[in-house]
Amino acid sequence: MIPAQQAVDTALAAASRNGAQTIVLVTDRAEASLRWAGNSMTTNGVSTSRTTTVISIVTDDEGPRVGTLSSAEVDPELITDLVAASAEVAAAAPAARDAAPLVTGSDAPDDWDAAVPGTGAEVFGDLARSLARGFAGADQLYGFARHEVATTFLASSTGLRRRFTQPTGTVEINAKRGDASAWAGESTPDFVDVPTDSLLEQLSTRLGWAARTVELPAGRYETLMPPSTVADMMIYLGWTMSGRGAQEGRTALSAPGGGTRVGERLTDLPLTLYSDPHAFELECTPFVATGTSSETASVFDNGMDIGCVDWIRGGVINALAYPRAAAAEFGAPVAVAADNLLMTGGTASMAEMIASTERGLLLTTLWYIREVDPTTLLLTGLTRDGVYLVEDGAVTAAVNNFRFNESPLDLLRRATQAGAAETTLPREWGDWATRAVMPSLRIPDFHMSSVSQAQ
């Protein structure tokens with residue numbers, strides 16, 4: 001396998017012969033994984049891979065046409081074929097709705113020629129030692145840890161050159177005691193200082209709460225949502241904040257009678273929801289790097305800087321996602337989401353929120369979330385591995401699982417208290433969205449729509 005930089009140069013050299021404007025993305029990935037079950041390590045492995053994406057742009061009287069092809073092949077002899085095929089796809093494609101001048105550049109970054117970093121099983125050393133101590137306990141532990149280091153090279157026929165290395169790591173632990181189970185997770189870029197002992201202590205506490213069980217009917221309950229569950233709901237909101245969709249009346253962020261809900265106050269709580277590629281310990285790709293266009297990103301914007309965007313500021317809807325072409329069409333600011341999501345605005349600890357609860361539920365994880373109605377952003381899903389009853393300021397029992405029906409926008413509208421923001425791992429979306437900071441929320445009437453038999 002030739003170096004990624006050489007693969008980029010080979011693709012651009014081939015593209016120079018067909019006359020198409022061309023963008024090349026080459027991503028090298030190294031991934032290590034570790035699994036355990038029944039208080040024993042089971043498997044670990046390391047893999048490497050490469051994805052090469054060629055975006056060809058052919059312009060005629062009707063405007064630019066785009067063709068994108070990706071390949072996991074590493075044979076350098078196939079790069080020229082990939083470029084030619086991409087140009088053929090572009091020639092047959094309809095005119096691009098999101099056309100804009102390509103981002104230009106003249107200098108490669110200082111680290112362009114540096115070797116691509118990797119990862120290996122050794123990254124799990126501290127984690128494995130902490131788990132080994134946990135294996136000596138009475139609870140049965142199951143789980144999975146993954147570490148990926150992905151380096152993306154982006155280059156174009158306009159002279160643009162950009163590079164970024166993204167480390168991503170997650171730890172998920174399930175603990176079982178009798179019929180009770182609990183889940184905890186953590187995101188980490190490097191597996192340094194993962195609080196494994198704290199996670200195991202947290203799981204043990206939750207399993208202790210489950211020594212008593214209470215059956216509750218469906219209904220609306222005052223509910224405390226820790227950061228992980230808030231992240232699962234807010235991430236889905238972030239994925240749907242398309243300016244075009246709102247302008248065209250297709251989303252929950254469309255205003256009645258036309259336009260968008262930007263400027264509308266959602267809550268009196270001082271909540272700010274934002275993305276920022278330079279957020280401390282949640283750093284992510286600071287430029288657009290996409291192989292396909294969507295309502296929130298455009299291939300024509302590849303290489304464009306991504307900045308900090310306040311999607312909700314001080315409780316008010318502040319911005320929607322607009323690539324350059326859509327921003328020009330609707331007269332809106334250009335806004336592209338970074339690959340992280342943060343929300344701030346509270347100060348209380350979860351212990352303080354529990355202590356001030358007369359009767360309610362503590363909802364620790366969500367699962368199997370699906371959209372019911374895009375016009376209201378109504379989501380449905382299940383609770384799993386830990387719903388607890390809070391009475392007179394203390395957790396007193398575990399309760400049965402439920403199906404819920406809620407909209408993240410309505411949750412923000414109805415929230416009466418926010419806790420301190422914490423780095424967290426969403427359970428449902430943890431395979432795709434690992435970089436999140438969220439507060440806890442108090443919802444006075446969370447809708448548990450039916451009892452679930454899920455265990």
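Predicted model: local features only at pLDDT ≥ 70, side-chain atom pairs only at ≥ 80, totals over all residues.
1. Six strands make up an open sheet, ordered β3-β2-β1-β4-β5-β6, with antiparallel pairing. The edges are taken by β3 (63-71) and β6 (180-187), and each has a single partner strand, so one side of each is left without a neighbour in the sheet. From one strand to the next, the twist averages 15°.

2. At the β6 end, strand β5 (residues 161-177) runs antiparallel to β6 and is joined to it by eight bridges. You will find Ala-175 opposite Ala-182 in β6.

3. On to the aromatic rings, where the count comes to eleven aromatic pairs. One of them is Trp-112 with Phe-153, edge-to-face, at 5.2 Å centre to centre and 90° between the planes. This pair links distant parts of the chain, 41 residues apart: Trp-112 lies in the loop between α2 (79-92) and α3 (125-135), and Phe-153 in strand β4 (residues 140-156). Trp-112 is buried at 6% relative accessible area, and Phe-153 is buried at 0%.

4. Finally, the pair Trp-429 and Trp-432 is tilted, because the planes stand at 55°, with the ring centres 6.1 Å apart. Trp-429 is buried, with a relative accessible area of 8%, whereas Trp-432 is exposed, with 56%. Ring pairs also bring in Tyr-236 and Trp-239, linking them with Trp-429 and Trp-432 into a cluster.

Methods
Residues numbered from 1 in each chain as written. Heavy atoms only, no water. Pairing = 2+ DSSP bridges. Helix = DSSP H or I, 4+ residues; strand = E, 2+ residues; numbered from the N terminus. Axes fitted to C-alpha atoms, helices over the stretch in contact; angles between N-to-C directions. Phe/Tyr/Trp six-rings, centres within 6.5 Å; stacked < 30°, edge-to-face > 60°. Buried < 20%, exposed > 50% of the residue type's maximum accessible area, 1.4 Å probe, protein only.
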